[in-house]
Amino acid sequence: KFDIAKPFADRPKEGVLSTSADLLPLASHLFETGPPSEDAIELARVVDRGIRSANTLDLNSFYIEAEKVLALYIDLYVLDHDGNLIDASSLAAMSALLACRMPKIEEGKIIRGQYSGKLPLKEKVVTCTFGKSGDRTFLDPYLDEEKGMDCSMTFATTSKHVCAGQKGGWGAFSEKELLSLADISLEKGEWLRSLLPE
């Protein structure tokens, strides 16, 4: 959703992008109501980082006038948890951005229900999350695998490059493993991007 916001002091002509995640109790007995949990905050940050690092959005195009910019809010609501929320949320966020329309602005205000075209995007960003248990590494871990894995690694990719990475858990990946996982992420990323609308 869009709204009007005051820009950050160090970026006076740049719009605001904010991503949040809500892990609803109906999605899993593991989730509780209340303020965002650490898992919800991490989920939102990883999805946000992929979008930002790819520079898929031109936040300078959100400038309206002095002290006034557009703010774009991506709100993620998890309705069913069976593992790998990062990749599912990344696909959902990218799908929402591709369907998003720019609001019509008149006299520094949003005209609700009127639009000025599609949200201009430079790239489609997707993530690939890997789990590791012992010497076994696997893509797209489901919930039972997540409970038993030593660590995880998420790569955000565009059609051209790896733009972000996030490691979780206490285990470790070797340099060789990371390079291999990055290559797999680029390959699988192409397939994931093909699932998204044009």
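Some questions and answers on this predicted model follow.

Colleague: Is Phe138 buried or exposed?
Modeller: Phe138 sits in strand 8, residues 136-139. Its relative accessible area is 9%. Buried means under 20%, so Phe138 is buried.

Colleague: How far apart in space are Phe138 and Leu181, C-alpha to C-alpha?
Modeller: Start with the sequence. There, Phe138 and Leu181 are 43 residues apart. In space, C-alpha to C-alpha, the value is 9.6 Å.

Colleague: How many cavities of 30 Å³ or more are there, and what volume has the largest?
Modeller: Rolling a probe the size of a water molecule over the atoms shows where empty space is left. The count here comes to 2 cavities of 30 Å³ or more.

Colleague: Which element gives the most to the lining of the largest cavity?
Modeller: Two elements give two or more residues to this lining: helix 2 (85-99) and helix 1 (38-53). The lining residues include Val46, Val47, Ser90 and Ala93. With 4 residues, the element that gives the most is helix 1.

Colleague: How many charged residues are in the lining of the second largest cavity?
Modeller: This cavity has a volume of about 40 Å³. Helix 1, strand 9 (151-157) and strand 10 (162-169) each supply at least two residues of its lining. Arg49 is one of the lining residues. By class, the lining has 4 nonpolar and 5 polar residues, and the charged number 1.

Terms used:
Residues are numbered from 1 along each chain as its sequence is written. This is a predicted model: local features need pLDDT of at least 70, side-chain atom pairs count only at pLDDT 80 or more; totals for chains, interfaces and linings use all residues. Side-chain values use heavy atoms; hydrogens and water are left out. Buried means under 20% relative accessible area, exposed over 50%, partly exposed in between (1.4 Å probe, protein chains only). On a 1 Å grid over the protein atoms alone, a cavity is a set of points where a 1.4 Å probe fits but cannot get out, and a pocket is an open set with protein on both sides within 12 Å along at least five of seven lines; lining residues have an atom within 4 Å of a point. Grid points are joined across faces, edges and corners, and a volume is the space filled by probe spheres set on the points. Ala, Val, Leu, Ile, Met, Phe, Trp, Tyr, Cys and Pro count as nonpolar, Asp, Glu, Lys and Arg as charged, and the others, Gly among them, as polar.
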